[in-house]
Amino acid sequence: MPVHTPGPSVAKSYVGVAPEAAAAACRRWYQAYGEPLYNYLRFHVASPDIAEDLTAEVFLRALRKFDRFDPSAGSPRPWLFRIAHNALRDHQRQAKRRPTLSLGSMRDLRCEAPSPEERLLWEEEVAGVLAAVAELPPKDREIIGLCYGSELPISEAGEILGLRDSAARTRLWRALARLRKLLAHE
Amino acid sequence: MSEIPAELQELDRTMRAIRFSPRSSLGAELLGRVRRGEQPGPSGRPLLRPLMLVLTAVAAAAAIMLIVPSQGITVDRCCYDLDGGGDADDGVLVIARRNGPVRRLSIYEDQDRSGHLTPDDIIRFTRYGHRKTVDWNPPGLTTITHCCQDLDGGGPADDGVVVVGTPPDHVAQAAIYEVR
């Protein structure tokens with residue numbers, strides 16, 4: 001495999017970022033937030049492939065806006081989740097215009113179950129939960145995706161959604177209550 | 001999330017147990033894409049973006065059409081013999097909407113020879129937007145016309161000024177007109 005040497009085109013690609021700095025930031029951010037971001041997205045899309053594409057898209061968008069991120073303002077996590085939120089919204093708009101059939105694979109589901117049978121049961125349960133989440137209103141899906149998918153603290157999820165802590169908490173409880181109702185009717 | 005209602009606690013536990021893992025190569029693939037300088041896909045509403053551009057352009061054009069004509073412009077032209085005094089020492093001051101109605105028209109004598117209206121000059125005549133009627137008819141009235149220049153800020157030099165008065169320094173009536 002030939003060794004890739006970043007050329008001038010790379011330097012021009014990300015605003016105000018040297019190619020190596022971009023790669024270093026990407027590596028660091030992916031290690032810290034790649035999986036929570038993936039899980040957040042995965043709670044909203046039926047296919048692991050789409051979630052992976054969107055995760056990559058989030059980091060590419062973040063690097064394009066690298067110069068707008070102020071490290072002194074703290075962790076990039078809320079910023080990255082806001083980018084993810086927008087990328088997901090764009091994807092959902094496109095999916096409405098060009099509906100595709102999702103295979104709904106669970107190949108990416110983590111499972112500690114010792115037997116294949118238990119794994120199958122867990123997959124079925126998760127598929128049922130995610131199908132019910134997909135039926136919830138967008139605001140409910142959003143808070144559930146942020147709090148459970150990404151495992152963000154509720155205060156940070158609220159910050160991303162522009163909600164106060166108490167409002168975010170109320171929204172989450174209501175969303176969970178609606179989800180519980182949907183699951184009970186299955 | 002400690003104060004979660006009791007009836008939701010089981011669902012909360014289930015939700016917390018749901019974890020996914022992206023393919024293990026995703027991070028390395030992403031780094032490769034970053035090193036190649038790959039750009040993210042188009043964002044926003046692709047169909048709406050051109051529409052928004054068109055709407056913005058139309059709104060801007062409409063704003064220009066609405067705002068620019070309503071801006072008052074001042075035209076100060078000097079020096080001609082408009083009062084029949086014999087010397088080219090008279091000026092015309094026009095305050096108008098650009099290429100539109102005249103709000104004020106003044107004929108002045110450029111006393112200080114500055115080439116424009118100053119506090120030292122004598123204003124011989126002023127009329128505002130409305131028509132000014134003359135209720136007297138002094139003997140020796142003369143009409144002096146000067147054409148053509150841009151007096152209303154419209155651009156082309158197609159405006160003239162007509163002054164009716166009694167020389168050497170009395171102006172009874174004045175108007176500006178556009179040559180068609």
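Student: Which residue with a positive phi follows H2(B)?

Tutor: The model is a predicted one. Helix H2 of chain B covers residues 26–35. The residue that follows H2(B) has a positive phi, near 75°, and this residue is B:Gly37.

Student: Which residues of helix H2 of chain B are buried?

Tutor: Buried here means under 20% relative accessible area. Within residues 26–35 of chain B, the helix H2, the buried residues are B:Leu26, B:Gly27, B:Leu30, B:Leu31 and B:Val34.

Student: Why do the buried residues of H2(B) line one face of the helix?

Tutor: An α-helix has 3.6 residues a turn, so residues three or four places apart point the same way. Seen down the axis of H2(B), the buried residues line one face because they fall within an arc of 135°.

Student: How many helices and strands does chain B have, and what pattern do they follow?

Tutor: Along the sequence, the pattern of chain B is α-α-α-β-β-β-β-β-β-β. The count for chain B is 3 helices and 7 strands.

Student: What percentage of the residues in chain B is buried?

Tutor: The cut-off for buried is again under 20% relative accessible area. Chain B has 180 residues, and the buried share of them is 32%.

Student: What is the strand order in the open sheet of 4 strands, and which strands are at its edges?

Tutor: The pairing in this sheet of chain B is antiparallel, and the order is S1-S2-S3-S4. The twist averages 15° from one strand to the next. Each edge strand pairs on one side only; the edge strands are S1 (72–80) and S4 of chain B.

Student: How many bridges join S3(B) to S4(B), and which residue in S4(B) is the bridge partner of B:Ile107?

Tutor: S3(B) and S4(B) run antiparallel and are joined by 6 bridges. B:Leu105 has B:Arg127 in S4(B) as its bridge partner. For B:Ile107, the partner in S4(B) is B:Phe125.

Student: Which residue in S7(B) is the bridge partner of B:Val162?

Tutor: Strand S6 of chain B, residues 159–166, and S7(B) run antiparallel, with 8 bridges joining them. The bridge partner of B:Val162 in S7(B) is B:Ala175.

Student: What is the volume of the second largest pocket, and which residues are closest to its centre?

Tutor: The volume of the second largest pocket is about 200 Å³. Out of 13 lining residues, the closest to the centre are B:Gly100, B:Val102, B:Ala175, B:Ile176 and B:Tyr177.

Student: Which strand gives the most to the lining of the second largest pocket?

Tutor: S3 (102–109), S4 (122–128) and S7 (170–178) of chain B each supply at least two residues of this lining. The lining divides into 7 nonpolar, 2 polar and 4 charged residues. With 5 residues, the strand that gives the most is S7(B).

Technical notes
Residues are numbered from 1 along each chain as its sequence is written. Chains are lettered from A and ligands numbered from 1 in the order in which they are written. This is a predicted model: local features need pLDDT of at least 70, side-chain atom pairs count only at pLDDT 80 or more; totals for chains, interfaces and linings use all residues. Side-chain values use heavy atoms; hydrogens and water are left out. On a 1 Å grid over the protein atoms alone, a cavity is a set of points where a 1.4 Å probe fits but cannot get out, and a pocket is an open set with protein on both sides within 12 Å along at least five of seven lines; lining residues have an atom within 4 Å of a point. Grid points are joined across faces, edges and corners, and a volume is the space filled by probe spheres set on the points. Ala, Val, Leu, Ile, Met, Phe, Trp, Tyr, Cys and Pro count as nonpolar, Asp, Glu, Lys and Arg as charged, and the others, Gly among them, as polar. Two strands pair if DSSP finds at least two bridges between them. Axes are lines fitted to C-alpha atoms, for helices over the stretch in contact, and angles run from 0 to 180 degrees between N-to-C directions. Buried means under 20% relative accessible area, exposed over 50%, partly exposed in between (1.4 Å probe, protein chains only). The arc is that of the directions from the helix axis to the C-beta atoms.
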